[in-house]
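Please look through the structure below before reading the briefing that follows.

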Amino acid sequence: MATLHRITPCLWFADQAEEAARFYTGIFPNSRITAITHYSAEGIEIHGRPAGSVMVVAFELDGHTFTALNGGPIFTFNEAVSLQVHCATQEEIDHYWEALGAGGDPQAQQCGWLKDRYGLSWQIVPNDMDALFADAESEGTRRAMRAMLGMKKLDLAALRDAHASASR
């Protein structure tokens, strides 16, 4: 049985909840779909969804619980909410950038942000991102920021190099 977390993000899809959950669980380790529920004929005058169609998909991404809801085209994702993926290595950054960005919007890529094929925004960032930008007044932070602003997918070595070059 899945662990129930107190707070679980609910992602609203027009009708791609199951497809998206399968896509995401195929990318992250320790991930799985835990439940799929379907609309019934009850309340069809309110929800407008066909009886028997997928209503909610509960899933876990690397142990974190999520819900995907097929609620119709009323709402869409925007950049006001994004999911951060913290990565220890450039190989991890490359993996998640390529996997999540496949079929997404290449115009929405900047500074480690990307938009996936479902319109959901992700930030693919190094684990030490906070440390690189902790002191807004330091020359290292300013150099790292200049470097990052010129990137789409983050280059971990270049960011660390830019940060460290201030102390040389």
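**Briefing on a predicted model**

Asn30 is exposed, with a relative accessible area of 61%, where exposed means over 50%, buried means under 20% and partly exposed lies in between, using a 1.4 Å probe and protein chains only. The model is a predicted one, in which local features need pLDDT of at least 70 and side-chain atom pairs count only at pLDDT 80 or more, while totals for chains, interfaces and linings use all residues. Residues are numbered from 1 along each chain as its sequence is written, and side-chain values use heavy atoms, with hydrogens and water left out.

**Two loop residues with positive phi**

- Asn30 is not a glycine, although its phi is positive at about 50°, and Asn30 sits in the loop between helix H1 (17-25) and strand E2 (32-38); helices (H or I, at least four residues) and strands (E, at least two) are DSSP runs numbered from the N terminus.
- Asp62, which is also a residue other than glycine, has a positive phi near 50°, and Asp62 is placed in the loop between strand E3 (54-61) and strand E4 (64-70).
- Asp62 is partly exposed, with a relative accessible area of 37%.

**Aromatic pairs**

- The structure holds 11 aromatic pairs, where rings of Phe, Tyr and Trp (its six-membered ring) pair if their centres lie within 6.5 Å, and planes under 30 degrees apart count as stacked, over 60 as edge-to-face and the rest as tilted.
- One of these pairs joins Phe13 and Tyr118 in an edge-to-face arrangement, at 5.9 Å centre to centre and with 85° between the planes.
- This pair links distant parts of the chain, since Phe13 belongs to strand E1 (residues 10-13) and Tyr118 to the loop between strand E7 (113-115) and strand E8 (121-126), 105 residues apart.
- Phe13 is buried, with a relative accessible area of 2%, and Tyr118 is buried as well, with a relative accessible area of 10%.
- Ring pairs link a cluster whose members include Phe13, Phe23, Tyr24, Tyr118 and Trp122.

**An open sheet**

- Strands of a sheet pair through backbone hydrogen bonds, either parallel or antiparallel.
- Four strands form an open sheet with the order E5-E8-E7-E6 and mixed pairing, where two strands pair if DSSP finds at least two bridges between them.
- Strand E5 (82-87) and strand E6 (105-110) are the edge strands of this sheet, each pairing on one side only.
- E7 and E8 pair in the antiparallel sense over three bridges, and Trp113 has Gln123 in E8 as its bridge partner.

**Pockets**

- The largest pocket holds about 260 Å³ of space; a pocket is an open set of points on a 1 Å grid over the protein atoms alone, where a 1.4 Å probe fits, with protein on both sides within 12 Å along at least five of seven lines, and lining residues have an atom within 4 Å of a point.
- Grid points are joined across faces, edges and corners, and a volume is the space filled by probe spheres set on the points.
- Among the residues that line the largest pocket are Asp62, Phe66, Leu83 and Trp122, and the largest share of this lining, four residues, comes from E5.
- The second largest pocket has a volume of about 210 Å³, and E1 gives the most to its lining, with three residues.
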